[in-house]
Amino acid sequence: MPNPHDFHTPQPSYTKDELLRSSEGGYFGPGNAQLPAPPMLMMDRITEISVDGGEFGKGHIVGELDIAPGRWFFDCHFRGDAVMPPSLGLDAMWQMIGYWLGWSGSPGKGRAIGVGEVECTGEITPDAQRVRYEVAMRMVRRGKLVLGIADGRVLADGTCVFKAKDMRVGLTKTAD
C-alpha cells in the first residue's frame, strides 16, 4: 500500500477544488483515503487541519459547508419542513476523520465503523448561511489496524446544533 505522503504534501487548509480532486481517487495515492463525490461530499472547504491541535492535542480538522435553499437534502427530507438531516452532519465528520487519517500519512481506504453518542440540540434550515464541522482526534492507532477516534460538533451560523462522541473511522487495506 503506497504511503500517502509520496503523493500529497500536507497543507493547513483545502479549497473546494482540492476536495473534489480527492473525491476522484488517487489524491493520497492509489487505494488510499478519498472523499465521496457530490452530492455526498458534505463540505466546501477545510479551513484548518493539524496533527497536534484540537481539544486532545492529537489532531483536529475543521470544515465548512455553505448553505443555500437549493441544497438537495432540503427538497427530500421532510417535505414542507426543510431541514438538513443530522445524519449528514455525522457523515461529514466521518468523512473528515477518514481524510485526516490519509492526510496524516496512513494508507488504506476510510470506512466509518461507529459512533458512541449523538446529541441533536438544534437543526439546520435553508435560512442558515454556513455549517461548520469541528472534529478533535481523541485517539489514533497506526499499524496493522489504522483507527481514528474523534469527538465533533456541528454549528449552524455559530450555534451548536449537533454533537457526536467516539466517532470511529478505520482504514482498510485492499489485498495486493
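Let me begin with what I call a cavity, which on a 1 Å grid over the protein atoms alone is a set of points where a 1.4 Å probe fits but cannot get out, its lining residues being those with an atom within 4 Å of a point. This is a predicted model, in which local features need pLDDT of at least 70 and side-chain atom pairs count only at pLDDT 80 or more, while totals for chains, interfaces and linings use all residues. Residues are numbered from 1 along each chain as its sequence is written, and side-chain values use heavy atoms, with hydrogens and water left out.

By this rule there is 1 cavity of 30 Å³ or more, and the largest cavity holds about 90 Å³ of space, a volume being the space filled by probe spheres set on the points, which are joined across faces, edges and corners. Its lining includes Met 84, Pro 86, Cys 120, Glu 123 and Phe 162. Helix H3 (86-103) and strand S7 (159-172) are the elements that each give two or more residues to that lining; helices (H or I, at least four residues) and strands (E, at least two) are DSSP runs, numbered from the N terminus.

Strand S1 (residues 45-50) runs antiparallel to S2, joined by 5 bridges, and Ile 49 has Ile 61 as its bridge partner in S2. S2 also pairs in the antiparallel sense with strand S5 (residues 130-141), over 7 bridges, pairing requiring at least two bridges found by DSSP; here Gly 63 is partnered by Tyr 133 in S5.

Conventions: On a 1 Å grid over the protein atoms alone, a cavity is a set of points where a 1.4 Å probe fits but cannot get out, and a pocket is an open set with protein on both sides within 12 Å along at least five of seven lines; lining residues have an atom within 4 Å of a point.
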